[in-house]
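Dear colleague,

Please read them alongside the coordinates.

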Amino acid sequence: MQGTRQPTSPPAAYSPTDRTVPTRSADRASYDKELVHAILDEAYVCHLGFVRDGAPVVLPTLFARVGETLYVHGSTGSRPLRMTGEPDPGLPVCLTVTHVDALILARSAFHHSINYRSVVVFGRPRAVESEGEKNAALEAFTEHIMRGRWAEVRWPTPEELAATNVVALQLDEASAKVRTGPPIDDEEDYTLSVWAGVLPLRVEPGAPEADPRLPTGTPVPDYIADFDLSKRNLP
Ligand SMILES: Cc1cc2nc3c(=O)[nH]c(=O)nc-3n(C[C@H](O)[C@H](O)[C@H](O)COP(=O)(O)OP(=O)(O)OC[C@H]3O[C@@H](n4cnc5c(N)ncnc54)[C@H](O)[C@@H]3O)c2cc1C
């Protein structure tokens, strides 16, 4: 259209909506896409919430992000996936991920807390029908579990693809919330002689344990032996 400047790159933030602005500690909320992506990509598990037969249900499940799409998969018998993807667009869902970064040990019981990074996404997933997109989603799941794996393992057969339900949730209505820093005690409690501070927590990989049916002497690939959780999403 003449005289209209088209944006050259997508917006860097999700637009806040009535339901993505926290009532409390709104200063800890963010809509920055890079932050939302980073929190999602670091998580192995999301929690998928929806209303079933008039009551809320929240189920933990694996997921993967490709651009602005989140994929959730399961067997064709999986109830939440049958309900969320059909009819298209499916039921309203709320998907969350959470990282616990530290324990916040305050001087008072009341101010004990946790340092965290979390994301909340609202939307209506669509069922992924095309074999190409389903295959791409399965590649994303595999690479989300361990980068480098897809190139090495056997790829899904048409039968396996047919037996797999995949739903896609668009990242349109999303928020992140992050707490960092030390405890926030009541001013008069800072004189109490009780230790206060932050105890960082992190998830670390252990030593690889070979499958008992692996032929003896099969070497552990470098990308597994050298796996560094903190670098798993870096290019
Ligand atoms: C590990 C962990 C522990 C927590 N512990 C507590 C606790 O003990 N007590 C407590 O009050 N709060 C806790 N929170 C924060 C909690 O998730 C809510 O943010 C908080 O209760 C404020 O709710 P609200 O009434 O403002 O939310 P609402 O006003 O209902 O939130 C409105 C919208 O804001 C966004 N939003 C709210 N919270 C989050 C979030 N955490 N991440 C991303 N988007 C969000 C969502 O889009 C949501 O729909 C914790 C969070 C985490 C991750």
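In this predicted model, a polar side-chain atom of S175 lies 2.8 Å from a nitrogen atom of the ligand, which falls under the polar contact criterion, a pair of N or O atoms within 3.5 Å. An N or O atom in the side chain of K177 is 2.7 Å from an oxygen atom of the ligand, and P22 places a backbone N or O atom 3.1 Å from a ligand oxygen. Taken alone, the ligand exposes 860 Å², of which the protein buries 60% (Shrake-Rupley areas, 1.4 Å probe).

The ligand is surrounded by 15 residues, the closest being R19, T23, R24, S118 and K177, where a residue counts if one of its heavy atoms lies within 4 Å. The shell divides into 7 nonpolar, 5 polar and 3 charged residues. Two elements give two or more residues to it, β7 (113–123) and β10 (173–179), and the largest share, 5 residues, comes from β7; strands are DSSP runs of E, at least two residues long, numbered from the N terminus.

As for the cysteines, the structure holds 0 disulfides (a pair of cysteine sulfur atoms within 2.5 Å). C46 is buried, with a relative accessible area of 0%, whereas C94 is partly exposed at 23% (buried is under 20%, exposed over 50%, partly exposed in between, with a 1.4 Å probe and protein chains only).

Residues are numbered from 1 along each chain as its sequence is written, and side-chain values use heavy atoms, with hydrogens and water left out. Because the model is predicted, local features need pLDDT of at least 70 and side-chain atom pairs count only at pLDDT 80 or more, whereas totals for chains, interfaces and linings use all residues.

With best regards

Definitions and conventions:
Polar contact = N/O pair within 3.5 Å; in protein donor to acceptor, adjacent residues only side chain to side chain. Helix = DSSP H or I, 4+ residues; strand = E, 2+ residues; numbered from the N terminus. Nonpolar A, V, L, I, M, F, W, Y, C, P; charged D, E, K, R; others polar.
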